[in-house]
Amino acid sequence: MLAGSEGVVSFVLAGEVDGEGSPTLSLIADGVLQLRCQRCLSAMGWPVKLESELHLVRPGTPIPEDELENDEFDTIEAGADLDVLALLEEELLLAVPIAPRHESCDAPRPLGEVKKESPFAALAGLGSKSRT
Ligand SMILES: [Zn+2]
């Protein structure tokens with residue numbers, strides 16, 4: 001999804017136990033990603049800032065339904081070998097817009113437009129003589 005590999009994202013991952021005695025991770029990340037603008041197709045620096053609270057369950061443990069429906073935090077399976085970078089990547093992917101765009105930019109001109117006149121323009125001219 002990146003237009004280039006420049007850019008740095010720094011993150012802090014902290015483990016704690018919440019008030020109910022459940023293990024949680026808090027993930028804070030910010031930085032700038034190089035995304036491709038979906039309008040002009042050039043690279044754009046996109047600042048990312050995310051804060052996630054993740055509740056942990058042991059691999060193979062069913063995740064309670066009320067946790068799945070909770071929007072405030074995600075519940076993930078995690079063991080001692082949790083892949084931190086994969087987790088970070090996943091959270092970043094969730095944060096990235098599906099179709100990033102500059103606030104204002106122009107779509108690239110189609111190559112065909114450089115040609116003098118398309119056959120369709122000539123046809124359109126036949127329809128009405130008043131137009132020039
Ligand atoms: Zn653009």
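Author: In what follows, a residue is called exposed when its relative accessible area is over 50%, buried when that area is under 20%, and partly exposed in between. The structure discussed here is a predicted model.

Reader: Is valine 8 buried or exposed?
Author: Valine 8 sits in the segment before β1, a strand that covers residues 9-17. Its relative accessible area is 62%, and because a value over 50% is what the term requires, valine 8 counts as exposed.

Reader: How far is valine 8 from glycine 31 in space, C-alpha to C-alpha?
Author: Setting aside residues up to four places away in sequence, valine 8 touches Asp30, Gly31 and Val32. Valine 8 and glycine 31 are 23 residues apart in sequence, yet the distance between their C-alpha atoms is 5.6 Å.

Reader: What is the relative accessible area of glutamine 34?
Author: Glutamine 34 is another residue placed in strand β2. Apart from residues up to four places away in sequence, it touches Met1, Leu2, Ala3, Gly4, Glu6, Ala43, Met44 and Gly45. Glutamine 34 is classed as buried, with a relative accessible area of 17%.

Reader: Which residues coordinate the zinc ion?
Author: The donors follow the spacing C-x2-C-x61-H-x2-C along the chain, and cysteine 37 and histidine 102 link distant parts of the chain, being 65 residues apart. Cysteine 37 is in the loop between β2 and β3, whereas histidine 102 is in the loop between α2 and α3. With donor distances of 2.0 to 2.3 Å, the zinc ion is coordinated by Cys37 (SG), Cys40 (SG), His102 (ND1) and Cys105 (SG).

Reader: What geometry does the site of the zinc ion have, given the angles among its 4 donor atoms?
Author: For four tetrahedral donors, the ideal angle at a metal is 109.5 degrees. Four donors are counted as tetrahedral if all angles lie between 85 and 135 degrees. Here the angles among the 4 donor atoms run from 103 to 117 degrees, so the site of the zinc ion is tetrahedral.

Reader: What is the relative accessible area of histidine 102?
Author: Cysteine 37, at 0% relative accessibility, counts as buried. Histidine 102, by contrast, is partly exposed, and its relative accessible area is 23%.

Reader: Near what value is phi of leucine 41?
Author: Leucine 41 is found in the loop between β2 and β3, where it is partly exposed, with a relative accessible area of 47%. Its phi angle is positive, although the residue is other than glycine, and the value is near 65 degrees.

Reader: Which residues does glutamate 77 touch, not counting residues up to four places away in sequence?
Author: Glutamate 77 is in strand β4, which covers residues 74-77, and at 43% relative accessibility it counts as partly exposed. Between glutamate 77 and threonine 61, 16 residues apart in sequence, the C-alpha distance is 7.6 Å. The residues that glutamate 77 touches are Val57, Arg58, Pro59, Gly60 and Thr61.

Reader: Which residues make the nonpolar surface patch of about 250 Å²?
Author: One member is leucine 85, found in helix α2, which covers residues 84-95. Leucine 85 counts as exposed, at 58% relative accessibility. The complete patch is made by Phe11, Val84 and Leu85.

Reader: What pattern does the chain follow, read along the sequence?
Author: The chain contains 3 helices and 4 strands, and buried residues make up 23% of its 132 residues. Read along the sequence, the pattern is β-β-β-α-β-α-α.

Definitions and conventions: Residues numbered from 1 in each chain as written. Predicted model: local features only at pLDDT ≥ 70, side-chain atom pairs only at ≥ 80, totals over all residues. Heavy atoms only, no water. Patch = residues over 30% accessible without salt bridge, like charges linked within 9 Å, V, L, I, M, F, W, Y side chains within 5 Å. Areas by Shrake-Rupley, 256 points an atom, 1.4 Å probe, with all protein chains shown as cover. Salt bridge = Lys/Arg side-chain N within 4 Å of Asp/Glu carboxyl O. Helix = DSSP H or I, 4+ residues; strand = E, 2+ residues; numbered from the N terminus. Buried < 20%, exposed > 50% of the residue type's maximum accessible area, 1.4 Å probe, protein only. Donors = N, O, S within 2.8 Å, 3.2 Å for Na, K, Ca; no water. Tetrahedral: all angles 85-135°; square planar, octahedral: opposite > 155°, others 65-115°. Contact = heavy atoms within 4.5 Å.
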